[in-house]
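I open this notebook to record what I looked up in the structure. The entries follow the order in which I consulted the model.

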Amino acid sequence: MSDKKVWLVTGAGRGMGLDIAKAVLAAGDNLVATGRNTDKVAKALGESANLLVVKLDVTNPSDAEYAAKAVLDRFGRIDVLVNNAASFYAGYFEELSSEQMERQLAASLIGPMNVTRAFLPIMRKQRSGKIISISSSAGFGGFAFGSAYAASKFGLEGWMESVQTEVEPFGIQTMIVNPGFFRTELLTEESTNYAKAYIQDYNEGREQQHAFWKAQNGQQSGNPAKLAQALIKLASQKEMPHRFIAGADAIGTAEQKVALLQQQIDAYRGLSTSLDYDS
């Protein structure tokens, strides 16, 4: 059996997924690069003896099952699964349609579930495997205009933390990655979808939000190629951390969240601890 790891990366045709895919190939490992448009994925990555390109729409369970079979047929095992594919539906909750909310959850929450479900039987049989799910600093801190995105990432984290305890007995490791602002294609017009309904009360705030998010595109401080290298390093360790907070801005957000939680605990500790039945 080859010493090369076998990776599968979803959403590998552009953005952070492409940087991760390139880093895997540069490390000399085997890569199954997936996306909805296989021609685009293949063109972005070029030719390599270590590369297999597979069509995978993460919202389609049948695609996920096909990808799992393709991995086994070509490489015989899977070592690292990277749940990267996602989308961004931006807007005030009241202006986002139920269909837009469902599409956000389908891509960024149900999609990783579909792919992971397809690969867990292989990993359990192997008694090994690593699952890396790309979340966001929005996975532990909600923000205005990001209710759909934050909902999907909060859900991703609760699911991953639960799965981690279920699969550890089988030698399977999981890691949640919380990137801050990285210069990916998430904020491009191809990836960002805005609410279509306009409610007058939100007009002023909406204009400011649109201007902010459009101005951020291409100006994010985080380097996705460096993040990709960090993931290669973390995956090569015998034990991955259960969580990797990526970027100084993400660390700042996390520290603010921790401080706020501690403040809220302390403020109502007496009331909270008085709620048991009297003995």
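Entry 1
Asp63 lies in helix α3; helices (H or I, at least four residues) and strands (E, at least two) are DSSP runs, numbered from the N terminus. Leaving aside neighbours within four places in sequence, I list Lys55, Leu56 and Asp57 as the contacts of Asp63, contact meaning heavy atoms within 4.5 Å.

Entry 1. Basis of the values.
I note that the model is predicted, that local features need pLDDT of at least 70 and side-chain atom pairs count only at pLDDT 80 or more, while totals for chains, interfaces and linings use all residues. Residues are numbered from 1 along each chain as its sequence is written, and side-chain values use heavy atoms, with hydrogens and water left out.

Entry 2. Ala67.
I then turned to Ala67, which is also found in helix α3. Ala67 counts as buried because its relative accessibility is 0%. Beyond its neighbours within four places in sequence, Ala67 is in contact with Leu8, Val54, Leu56 and Phe119.

In what order do the 7 strands of the open sheet stand? I read β3-β2-β1-β4-β6-β7-β9, with parallel pairing; two strands pair if DSSP finds at least two bridges between them. The edges are β3 (51–55) and β9 (243–246), each with a single partner strand, so one side of each has no neighbour in the sheet. On average, neighbouring strands of this sheet are turned by 15° against each other, direction ignored; axes are lines fitted to C-alpha atoms, for helices over the stretch in contact, and angles run from 0 to 180 degrees between N-to-C directions.

Entry 3. Strand β1 and its partners.
I found 3 bridges between β1 (residues 6–9) and β4 (residues 80–83), paired in the parallel sense. Val82 in β4 is the bridge partner of Val9. Helix α1 (residues 15–26) packs on the sheet and touches β1, β2 (30–35), β3, β4, β6 (129–134) and β7 (172–179). The direction of α1 makes about 160° with that of β2. Helix α3 (residues 61–75) also packs on the sheet, where it touches β1, β2 and β3, and its direction makes about 160° with that of β3.

I next asked which residues cover the two faces of β1. Val6 and Leu8 lie on one side, Trp7 and Val9 on the other, and all are buried. Strands β1 and β2 run parallel and are joined by 4 bridges. Opposite Trp7, I find Leu31 in β2. The chain passes from β1 through α1 to β2 in a right-handed β-α-β crossover; right-handed means that, with the strands pointing away from the viewer, the path from the first strand over the helix to the second runs clockwise.

Entry 4. Asn30.
Is Asn30 buried or exposed? Asn30 counts as buried, because its relative accessibility is 9%. I place Asn30 in strand β2. Its contacts, apart from neighbours within four places in sequence, are Lys4, Lys5, Val6, Trp7, Val24, Asn50 and Phe75.

Entry 5. Helix α7.
I compared the length of α7 (residues 224–236) with expectation: at 1.5 Å a residue its 13 residues should span 18 Å, and the end C-alpha atoms are 18 Å apart, which agrees. The expected span is 1.5 Å times one less than the number of residues. Pro224, Leu227, Ala228, Leu231, Ile232, Leu234 and Ala235 are the buried residues I noted in α7. The buried residues of α7 pack against β1, α1, β4, β6, β7 and β9. At the start of α7, a side-chain oxygen of Asn223 comes to within 2.9 Å of the backbone nitrogen of Ala225.

Entry 6. Positive phi values.
I recorded a positive phi of about 60° for Arg127, although Arg127 is not a glycine. Arg127 is found in the loop between α4 (98–126) and β6, and with a relative accessible area of 49% it is partly exposed. Phe145, also not a glycine, has a positive phi of about 80°. Phe145 sits in the loop between β6 and α5 (147–167) and, at 3% relative accessibility, counts as buried.

How values were computed: Buried < 20%, exposed > 50% of the residue type's maximum accessible area, 1.4 Å probe, protein only. Polar contact = N/O pair within 3.5 Å; in protein donor to acceptor, adjacent residues only side chain to side chain.
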